[in-house]
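Look at the model below before reading on. The paragraphs after it go from the whole chain to single residues.

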Amino acid sequence: MLAKISEVLFGGTRAFNQAERRLLSFLLEALSVQDHAILSAQLKSVRKVQRQHPGKLLAAYYRPGHDVPRLPYSGDEYCLAIIRYRSNVRVRATALVLHDGRFSTLERNVPKSLAEIGALVSVALHPGGFRSITRQIDMEEHAGIELR
């Protein structure tokens with residue numbers, strides 16, 4: 001009951017939707033055995049999933065004080081993978097971003113429903129040159145004024 005009240009007051013849900021779970025399954029299949037186990041443990045520990053910018057950004061939150069195993073990739077915004085999938089006739093890409101070794105966000109083309117995902121095109125692990133969408137969203141929300 002407390003979880004339902006929290007969802008109404010603060011938004012979000014307690015779990016990933018079917019489309020998000022499908023993207024995550026594509027990634028899990030591509031990871032090494034060790035990284036697969038760690039990311040799986042992290043995903044099971046997610047307490048809240050917020051979609052402040054549906055279709056662009058999904059943020060995951062963990063139970064307060066609950067320490068989950070971390071992947072060995074440090075940094076504030078480390079792109080673990082870019083997942084490309086076919087949506088109708090277009091290829092879309094979604095980035096999975098870590099914060100200090102923990103799953104933090106899905107960024108860019110985050111499907112809202114399972115019907116948006118036709119087939120997996122590719123999973124690119126540890127892509128170089130990734131730029132987070134969070135700065136772009138901040139600029140849009142604050143009329144071009146970047147907050148630091």
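What follows is a walk through this predicted model.

Residues are numbered from 1 along each chain as its sequence is written. Because the model is predicted, local features need pLDDT of at least 70 and side-chain atom pairs count only at pLDDT 80 or more, while totals for chains, interfaces and linings use all residues; side-chain values use heavy atoms, with hydrogens and water left out.

Start with the whole chain. The protein has four helices and six strands, where helices (H or I, at least four residues) and strands (E, at least two) are DSSP runs numbered from the N terminus. Read from the N terminus, the order is α-α-α-β-β-β-β-β-β-α. Of the 148 residues, 36% count as buried; buried means under 20% relative accessible area, exposed over 50%, and partly exposed in between (1.4 Å probe, protein chains only). The accessible surface, from the Shrake-Rupley method with a 1.4 Å probe, comes to about 8,600 Å². Carbon and sulfur atoms hold 54% of that surface. A contact means heavy atoms within 4.5 Å. Among contacts with a separation of 6 or more, 64% are between residues 24 or more positions apart.

Now take helix 2, residues 18–30. Helix 2 has 13 residues and reaches 19 Å from its first C-alpha to its last, close to the 18 Å expected at 1.5 Å a residue; the expected span is 1.5 Å times one less than the number of residues. The buried residues of helix 2 are A19, E20, L23, L24, F26, L27 and L28.

Side chains of opposite charge can pair when their charged atoms come close. A salt bridge is a side-chain nitrogen of Lys or Arg within 4 Å of a carboxyl oxygen of Asp or Glu, and by this rule the count comes to one. E20 forms a salt bridge with R51, with the closest N and O atoms 2.8 Å apart. The pair links distant parts of the chain, as E20 is in helix 2 and R51 is in strand 1 (residues 46–53), 31 residues apart.

Helix 3 covers residues 33–45. Its buried residues are D35, I38, L39, S40, Q42, L43 and S45. What covers them includes helix 2, strand 1, strand 2 (57–62), strand 3 (78–87) and strand 5.

Next come the strands, which pair if DSSP finds at least two bridges between them. Strand 1 and strand 2 run antiparallel and are joined by five bridges, with V49 bridged to A60. Three residues lie between these strands in their hairpin, where G55 takes a positive phi near 90°. Strand 2 also pairs with strand 5 in the antiparallel sense, over three bridges, and L57 has E107 as its partner. Five of the six residues of strand 2 are buried, so strand 2 is largely enclosed by the rest of the structure.

End at T105 in strand 5 (residues 102–108). T105 is buried, with a relative accessible area of 9%. Leaving aside neighbours within four places in sequence, T105 is in contact with L57, L58, A59, A95, L96 and V97.
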